Amino acid sequence: MAKRLVIPGELVTEERKKLGSHVFVREGKIYSDSIGLVNDEADFASVVPLEGKYMPQMNDVIIGVIISERFAGYGVDINSFYPSFVSKKELREVLKPGSIISAKIMKVNEFNEVELGSIRLFFGGEIIQVTSVKVPRVIGKEGSMLNILKGGTGSNIIVGRNGRVWAKGGNTDLLRKAIEKIERDAHMDHLTDKMAQYMQEQTGGKKPVQENNEEGMFGEGEQ
Amino acid sequence: MAKKKEEQIIYVDSKGKRLSGRKTDELRPIKITAGVIPRADGSAYLEWGQNKVFAAVHGPRECLPKHTASPYKAVIKFEYRMATFSVPDRKNPKPGRREVEISKVCGEALERAIFVEKFPNTSIDITVEIVDSNAGSRIAALTAASVALADAGIPMRDMVTGTSVGKAGGKIIIDLDKDEEDAPDAVDIPIAMLPNSKEIVLLQLDGVLTRKEWEEAYKMAEPAIAKVYEAQKQALKAKYLNGEGDAHKAEKKGVEGQ
């Protein structure tokens, strides 16, 4: 492993550098504030965390689960600090507690409360949970990991930034196993190559039949 | 009542050995495992001598009831609990004066380390269950809780690490066990600090200690705390370095302090 693993309060560097995420300065030295891998460049120091809750960010696409219905809308669990809310005015379809939606975060306030937009309803499928800080590894560089997963399992996959992966069709058992493996080995190098090999072993090199049900994936939401 | 005079217990013998065979500045063996409770956001299991402790962290999450939330910072809700079978006689499961006090002081100690201002309006719930106890359980609880917090990915200035120092049989010793705590002249000082900045976050003293004795005790505590910190560090890193395959050989999961 090329990158150094640090725990909260451990020294990142003694030099003066620009501060990235998950670092802080005490007495002129840079320390980590969570457990993660050091990213120490020439004029920039940051820590990529290995654990943590989802911090809502503007323009993220997330996957939410409806948890309650009220007069004017629905309460949505977005796997963050608080549940969010979707107004019935923005929706054409009727939702029920348990419905799965994807949404874009339009606004985040200083309490990390969010406003959701561009809501789309999913029919069927299942949800796989990932630690939200490991979502970038599930997607990979320019979607490379996601393509391996899609190719190997033949599922339709949508990854929400909040640590929920929605999948339908194909070999979802294999997908679940593969994602578990990614999560376990998220801190290692060359993960994409390893996963490609893993997929090869599991499927025996056979290309699964791509079920083409893109049409049936979404309800009549916007977009 | 007692006909013959009770035999004098020698807490530290001429060779500097204690009742348990430890040296005066020797800790009990420490074993920590991080991430033992999958449903919690972060968790840890700690064995410190005979003490056995589970710590679980949930959050930051919505602070309920809502009037307890603060718009400036995350509220730390620390709960220290002892199992009914954790002591020789059955312990009443109702939280008593002692548990409420320990929950308060430990929560405040951790609050100093956590970047609470990053999560306004939320609460961080820490539950520590003492499964077996033999003196020094509040420090064990605090040590386990801070590993669990790091495992949950909550941003912290530093770990919180501690040990107890004290006096038994007229000698200053570190990490007292139950026999030593029951000495007639026993003094027990749980002390917790942020090991990198040496900032003390918890210090309690009952009994009488001279100024000189206290200075000696503090001098012994500092290196002991460094050892506990090392055990915490190893426990957290072991979770990742243990990964199957790859160049790094698996380190042992728990780390024996001392």
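## Basis

This is a predicted model: local features need pLDDT of at least 70, side-chain atom pairs count only at pLDDT 80 or more, and totals for chains, interfaces and linings use all residues. Residues are numbered from 1 along each chain as its sequence is written, while chains are lettered from A and ligands numbered from 1 in the order in which they are written.

Helices (H or I, at least four residues) and strands (E, at least two) are DSSP runs, numbered from the N terminus.

## Helix pair in chain B

Helix α2 (residues 137-151) and helix α4 (residues 211-241) of chain B have axes that come within 10 Å. They cross at roughly 35°. Axes are lines fitted to C-alpha atoms, for helices over the stretch in contact; angles run from 0 to 180 degrees between N-to-C directions. The crossing of α2(B) with α4(B) is right-handed: the near helix is turned clockwise from the far one by less than a right angle.

From α2(B), the contact takes in B:Thr143, B:Ser146, B:Val147, B:Ala150 and B:Asp151. They meet B:Val228, B:Gln232, B:Ala235 and B:Leu236 of α4(B). Contact requires C-beta atoms, placed from the backbone, within 7 Å. By class, the contact has 5 nonpolar, 3 polar and 1 charged residues. Ala, Val, Leu, Ile, Met, Phe, Trp, Tyr, Cys and Pro count as nonpolar; Asp, Glu, Lys and Arg as charged; the others, Gly among them, as polar.

## Strand β6 in chain B

Strand β6 (residues 161-168) of chain B is mostly covered, with 8 of its 8 residues buried. Buried means 20 or more other C-beta atoms within 10 Å of the residue's own; exposed means 12 or fewer, partly exposed in between, with C-beta atoms placed from the backbone. B:Thr161, B:Thr163, B:Val165 and B:Lys167 point one way. B:Gly162, B:Ser164, B:Gly166 and B:Ala168 point the other way.

β6(B) runs antiparallel to strand β8 (residues 187-194) of chain B, joined by 7 bridges. Pairing needs at least two DSSP bridges. B:Gly162 has B:Ala192 as its bridge partner in β8(B). Another 4 bridges join β6(B) to antiparallel β7 (residues 171-174) of chain B. There, B:Gly166 stands opposite B:Ile173. β6(B) and β7(B) form a hairpin with 2 residues between them. In the turn, B:Gly169 has a positive phi of about 60°.

## Sheet in chain A

In chain A, 5 strands form an open antiparallel sheet, ordered β10-β9-β8-β11-β12. Its edge strands are β10 (84-87) and β12 (114-121), each pairing on one side only. The twist averages 50° from one strand to the next.

Strand β9 (residues 73-77) of chain A is joined to β10(A) by 4 bridges. A:Gly73 stands opposite A:Ser87 in β10(A).

Conventions:
Contact = placed C-beta atoms within 7 Å.
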